[in-house]
Amino acid sequence: MKIGVAVAAAAALVLSACGGGAQPSADGEDVAAGPGASAWGLTGGTNEQIWKGSFERWNEENPDREIKTDWFANDAYKEKVRTAIGSGNAPTLIFGWGGSTLRDYAEADKIVDITDGTADVVSKLIPSIAEGGIIDDQVFGIPNVGTQPVLFFYNQELFEEVDLSVPTTWDELLEAVDTFNEAGITPISLAGASKWTDMMWLEYLVERIGGPEVFKSIEANEPDAWSDPAVLEAVEAAQDLVRAGAFGDAFGSVSADANADVALVHTGKAAMLLQGSWAYGTFLTDAPDFVADGNLGVAGFPDVEDGAGDPANIVGNQSNFWSVSAADSEDAQADATEYLNTLFDDEYVQAMVDGGAIPPTVGAEELIEGSDQEEFLTLGYDLVQNSPSFQLSWDQALPADTAQTLLDNIQRVFTLDISPEQFADEMNATIK
């Protein structure tokens with residue numbers, strides 16, 4: 001699909017304040033909590049602007065109950081919030097990805113049950129997306145932005161330059177890699193320094209080759225589940241891409257936190273990018289002319305011939321979630337919960353649509369239709385609504401210690417320092 005819209009870069013907002021929960025001191029360490037509710041969020045793209053706009057509106061309407069905010073890059077945040085939660089110094093609103101980490105926090109009483117206070121907002125959500133914040137029939141997390149399937153982004157101009165169509169099968173992808181290499185263009189942008197970007201390739205390959213049951217067995221801690229033939233074949237296929245020069249020679253130094261992988265595509269240095277749907281918002285803010293000129297294309301992951309997985313299945317994150325810290329005061333918890341229950345009114349969803357985020361709400365077609373981002377959002381919204389399986393990102397679905405081992409070993413897969421069998425052995429050792 002070719003995307004062409006008229007956009008304007010969102011103005012960068014700088015909000016840095018502390019209060020409630022943990023407060024960073026001058027040396028970066030957490031100090032004692034202050035009064036009022038607080039939130040930590042992630043920087044980058046239009047999502048940051050959506051969150052900041054929402055907090056600004058709440059603070060304007062509730063000047064005596066302001067929510068203070070701090071903003072962090074993705075990888076830095078993940079390390080900081082784990083430390084803060086472990087020490088009881090978390091912000092009132094904890095940003096997360098659901099999955100195993102959310103369950104661990106709930107079972108350890110690090111976050112509170114907000115079922116009673118969030119009925120209004122839950123009723124607006126697509127049930128499969130709301131489920132990502134529900135543990136044992138209790139609500140512990142509320143989606144805070146668009147649903148996030150992993151998609152293929154491509155530079156339409158480069159494809160036209162080499163006279164290629166966007167690949168819909170794995171064999172066509174391999175042919176495209178050869179063609180772009182011959183033309184002196186990096187076929188696929190990959191932020192290998194971030195590790196989780198490598199993981200997206202294995203997630204889709206395992207899904208396409210073996211179907212969703214393969215990872216379900218891994219999640220269920222079935223013995224030797226990582227030795228499933230689909231996993232071994234997926235690792236081999238990923239390494240075939242590396243050997244073919246699909247990612248160029250320097251992908252190991254490219255960082256997703258700096259949006260360097262997106263930049264390689266919109267500057268014409270790379271033809272394709274496998275990233276979460278949030279990357280669309282980054283294209284909008286970092287390269288509005290590239291998008292407006294119709295040079296950005298978006299598609300689903302290619303089918304793998306003879307694979308057991310349904311080509312309609314997707315991987316990624318149902319959404320990001322806000323949870324409420326158990327360490328803060330009851331007043332701060334109540335304010336945070338009330339804030340969450342006001343999310344996803346028309347203004348909030350409209351901001352998501354304007355920013356290119358795929359709404360997690362029912363009936364969003366009315367706002368998507370006629371919007372500047374209609375083509376992209378319709379594709380993503382339909383994928384989410386019609387997918388037989390929406391597999392949560394592995395590093396969020398698995399326990400934190402297993403996830404780190406996984407990311408480290410996947411990086412070794414892409415540096416060709418480990419064989420498929422060795423990868424399976426290393427990961428089987430994590431099964432408890």
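A search of the whole structure finds 29 aromatic pairs, where rings of Phe, Tyr and Trp (its six-membered ring) pair if their centres lie within 6.5 Å. The rings of Tyr204 and Phe301 form a stacked pair, because their centres are 4.5 Å apart and their planes lie at 5°; planes under 30 degrees apart count as stacked, over 60 as edge-to-face and the rest as tilted. This is a predicted model, in which local features need pLDDT of at least 70, side-chain atom pairs count only at pLDDT 80 or more, and totals for chains, interfaces and linings use all residues. Residues are numbered from 1 along each chain as its sequence is written, and side-chain values use heavy atoms, with hydrogens and water left out.

**Confidence**
- The protein chain averages a pLDDT of 90; pLDDT is the predictor's confidence in each residue, from 0 to 100.
- A pLDDT of at least 70 is reached by 92% of the residues.
- Residues 4-34 stay under 50, and the model has 82 contacts for them beyond four places in sequence (contact: heavy atoms within 4.5 Å).
- Where pLDDT is low, the predicted coordinates should not be read in detail.

**Aromatic rings and charges**
- The Tyr204–Phe301 pair links distant parts of the chain, 97 residues apart.
- Tyr204 sits in helix H8, and Phe301 in the loop between strand E13 (296-299) and strand E14 (314-317).
- Helices (H or I, at least four residues) and strands (E, at least two) are DSSP runs, numbered from the N terminus.
- Both Tyr204 and Phe301 are buried (under 20% relative accessible area, 1.4 Å probe, protein chains only).
- Ring pairs join a cluster that includes Trp40, Trp51, Trp97 and Trp322.
- Lys78 lies over the face of Trp97, at 4.9 Å from the ring centre.
- The charged end of Lys52 sits over the ring of Trp71, 5.1 Å from its centre.
- A charge sits over a ring if NZ of Lys or CZ of Arg is within 6 Å of the ring centre and within 35 degrees of the ring normal.

**Helix H7**
- Trp170, Leu173, Ala176, Val177 and Phe180 are the buried residues of H7.
- They cover an arc of only 105° around the axis, so they lie on the same side of H7; the arc is that of the directions from the helix axis to the C-beta atoms.
- Their cover includes helix H8 (196-210), helix H10 (229-243) and strand E12 (270-276).
- Just after H7, Gly184 takes a positive phi of about 75°.

**Thr402**
- Thr402 belongs to helix H19 (residues 400-414).
- Thr402 is buried, with a relative accessible area of 7%.
- Not counting residues up to four places away in sequence, Thr402 touches Met427, Thr430 and Lys432.

Technical notes: Buried means under 20% relative accessible area, exposed over 50%, partly exposed in between (1.4 Å probe, protein chains only).
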